[in-house]
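Visitor: I would like to go through some labels for this model and hear what each one rests on. Please set the values against the definitions.

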Amino acid sequence: MKSTFFKKMDSYTVYIYTRFWSQFFFTFIFTVNLLYHVKVVGLDPLQLVVVGTVLEAVVFLFEIPTGFMADLKSRRLSVIIGYFLIGAGFLTERSFQYFAAVLVSQVLWGIGYTFTSGAHQAWIADEIGEERASLAFVNGAKAGKLGEVIAIPLSMLIGYYFMINLPIIIGGLSMLALAVFLLLFMKEENFKPAQQENTSTWKTLKSNMNQMVHYTKASYLMRILFLIALFFGLYSEGFDRLWISHFLEETHLANMTEGNLVILIGSINFAVMLLSFVGLHFISRSSLHHQLNTIYVSLLIGCVLIITSLTGFALSTGIIGLLCFYLIIQGTRSVMAPLEDTWLNKIIPDSSTRATFFSVKGLVDAIGQISGGPAIGLIAANFSIKIAMIASAILLTPVIYLYQLAIKKSRG
């Protein structure tokens, strides 16, 4: 029988708990995951980017189908399946220390991600209402950052004193446990499936797609949002996969022991999470996430900060400069994410297609990463990682103009 504590858990609480624990487990894994790829599996810069590209290709293929299934069948079931597959993916990655095994793991957890992407946001928006969902997105992101802050030192200690890949095993098993938790305690009381009576699934899918295409063509702000997602995808993959290699190359710290590298990279990420948590706490206490115009201005400022800091990160040779620019980039990205979710949630015309619209945004981002990742990897392989980082910054610059268009449109 469920305890009184769990009986009292409403959907908002379950959402916040899920964001906390999922980010805790993700960070517990990712604190050592890239080091595991570089130091244990021995991936070179091009292979590192290929790993990311395979992940994004999987997201590209499955984002829309899983979004449709969430809208047609159950957002709750979609989220549960997602976390189960993510856990299975990370366990597969640890089981075999080969490039091929890493690629297989990306396929599993990439499919799992698409089951959670969009479905989780759509589920909470339906269960507690659109207005309250805006606050849930911000507080959920803040709870996630708190989980990341706690996870990093624990992952560092285990990676340092035991094995560099032990956190991957523990994190993978914990993701499976999270899926079981949601199976028991995640409710779905306000979901209205998109499929109508006496209508085939295929006809419903076709109808929903036609509606989405029509609305996207008609909505100026929706088109701008999707274009921004594309450019963010173009720039981000190369930076995410190559920043550690660039940092170690410029600071000449590549010869450190695995244990010391775990402590170093973990400490950097811990500082990022603290900074992100403070930023998200400020946003949750302010009115930034209530009005679209203030969201646009905040996102524009964040974009400029990322472009200038990424250029600075590429050109810096000292450890202090590299750390400062990296902190600004990652902290800004963390703060921008819930604001982007709030923007999209506010302009979706029909709640029955909410999960699919979020999935489309993820799909566009994946297209950008699939396109930009290999290009940045080839630049790094043929020239230098420094030049590749500068190219990433250049790829993001059109977003400044797009945010200006959104601001102009909102002001009439």
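Guide: A helix here is a DSSP run of H or I with at least four residues, numbered from the N terminus. Glutamate 63 sits in such a run, helix α3 (residues 45-72). The model is predicted.

Visitor: How many helices and strands does the chain have?

Guide: There are 16 helices and zero strands.

Visitor: Why is glutamate 63 called buried?

Guide: Buried means under 20% relative accessible area. Glutamate 63 has a relative accessible area of 0%, so it counts as buried.

Visitor: Which residues does glutamate 63 touch, leaving out those up to four places away in sequence?

Guide: Glutamate 63 touches Tyr113, Thr114, Ser117, Ser359, Gly362 and Leu363. As for separation along the chain, glutamate 63 and phenylalanine 358 are 295 residues apart in sequence, with 9.2 Å between their C-alpha atoms.

Visitor: What makes glutamate 250 buried?

Guide: The cut-off is again under 20%. Glutamate 250 has a relative accessible area of 14%, which means it falls under that limit and is buried. Glutamate 250 lies in helix α10. Beyond residues up to four places away in sequence, glutamate 250 touches Ser316, Thr317, Leu322 and Lys386.

Visitor: Why does serine 384 count as partly exposed?

Guide: Partly exposed covers values between the buried limit of 20% and the exposed limit of 50%. Serine 384 is at 22% relative accessibility, so the label is partly exposed. Serine 384 is in the loop between α14 (354-382) and α15 (385-396). Its C-alpha atom is 9.1 Å from that of histidine 246, 138 residues away in sequence.

Visitor: What share of the chain counts as buried?

Guide: Of the 412 residues, 57% count as buried.

Visitor: What is used to describe two packed helices?

Guide: Two packed helices are described by the angle between their axes and the distance between the axes. Helix α10 (residues 220-251) and helix α12 (residues 292-315) pack at an angle of about 30°, with their axes 12 Å apart.

Visitor: Why are α10 and α12 called roughly parallel?

Guide: Angles under 35 degrees count as roughly parallel. The angle of about 30° is under that limit, and therefore α10 is roughly parallel to α12. The crossing of α10 and α12 is left-handed.

Visitor: Which residues of α10 and α12 meet?

Guide: From α10 come Leu221, Phe232, Tyr235, Phe239, Trp243 and His246; from α12 come Tyr296, Ile306, Leu310, Phe313 and Ala314. By class, this contact of α10 with α12 has 10 nonpolar residues, one polar and no charged.

Visitor: What makes α12 and α13 roughly antiparallel?

Guide: The axes of α12 and helix α13 (residues 319-347) cross at roughly 155° and come within 8 Å. Angles over 145 degrees count as roughly antiparallel, so α12 is roughly antiparallel to α13. The crossing of α12 and α13 is left-handed. Their contact holds 18 nonpolar, six polar and three charged residues.

Visitor: Is the crossing of α2 and α7 left-handed or right-handed?

Guide: Helix α2 (residues 11-41) and helix α7 (residues 130-161) have axes that come within 6 Å and cross at roughly 35°. The crossing of α2 and α7 is right-handed. The residues in the contact of α2 with α7 are 19 nonpolar, eight polar and three charged.

Visitor: How many aromatic pairs are there, and what is required of a pair?

Guide: Two rings pair if their centres lie within 6.5 Å. The structure holds 21 aromatic pairs. One aromatic cluster is formed by Phe20, Trp21, Phe24, Phe25 and Phe28.

Visitor: Of the contacts with a separation of 6 or more, what percentage is between residues 24 or more positions apart?

Guide: Such residues account for 85% of those contacts in the chain.

Key: Residues numbered from 1 in each chain as written. Predicted model: local features only at pLDDT ≥ 70, side-chain atom pairs only at ≥ 80, totals over all residues. Heavy atoms only, no water. Phe/Tyr/Trp six-rings, centres within 6.5 Å; stacked < 30°, edge-to-face > 60°. Axes fitted to C-alpha atoms, helices over the stretch in contact; angles between N-to-C directions. Helix = DSSP H or I, 4+ residues; strand = E, 2+ residues; numbered from the N terminus. Parallel < 35°, antiparallel > 145°, perpendicular 65-115°, else oblique. Left-handed = near helix turned anticlockwise from the far one by under 90°. Contact = heavy atoms within 4.5 Å. Nonpolar A, V, L, I, M, F, W, Y, C, P; charged D, E, K, R; others polar. Buried < 20%, exposed > 50% of the residue type's maximum accessible area, 1.4 Å probe, protein only.
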